[in-house]
Amino acid sequence: AAAILAEKQGDLPEALHHYLALEYSLDSGYLADCLMSEEQLREFLRRWPAHPQQRLIRYTLGVRQLRAGNYREAVATLEPLGDYLAAAEKKADTS
């Protein structure tokens, strides 16, 4: 209920936080990939810098930046991911 309320109030970073805590991967994926803006993804990262799924959200933001042609921003976003980036890319290739 808290996730839906946050969504209805327009606080998508808060909604994502709840969906991730509930392990609702389809809801959190749809929210992060389709509904949230780059700024809302950045807001999530600012509000929960130590969140267990922080790297996934950073990866999502970096891919979004690449798609928008913001290559410098994407490099700055993705570079700190290190080994996680390689693992995520490998997983994406096998999906």
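**Salt bridges and accessibility**

Trainee: How does Glu14 count: buried, exposed or partly exposed?

Mentor: The relative accessible area of Glu14 is 21%. Buried means under 20%, exposed over 50%, and partly exposed in between (1.4 Å probe, protein chains only). So Glu14 is partly exposed.

Trainee: How many salt bridges does a search of the whole structure find?

Mentor: The model is predicted, so local features need pLDDT of at least 70 and side-chain atom pairs 80 or more, while totals for chains, interfaces and linings use all residues. Residues are numbered from 1 along each chain as its sequence is written, and side-chain values use heavy atoms, without hydrogens or water. A salt bridge puts a side-chain nitrogen of Lys or Arg within 4 Å of a carboxyl oxygen of Asp or Glu. The search finds seven.

Trainee: How many residues apart in sequence are the parts tied together by Asp11 and Arg47?

Mentor: Their side chains meet in a salt bridge, N to O 3.0 Å. Helices (H or I, at least four residues) and strands (E, at least two) are DSSP runs, numbered from the N terminus. Asp11 lies in the loop between α1 (2–8) and α2, and Arg47 in helix α4 (residues 38–47), so the parts tied together are 36 residues apart.

Trainee: Which helix holds the Glu14 that pairs with Arg47?

Mentor: The side chains of Arg47 and Glu14 meet in a salt bridge at 3.2 Å, N to O. The pair is 33 residues apart and links distant parts of the chain. Arg47 is in helix α4, Glu14 in helix α2.

Trainee: Is Glu23 buried or exposed?

Mentor: Glu23 sits in the loop between α2 (12–21) and α3 (25–35). Its relative accessibility is 69%, so Glu23 counts as exposed.
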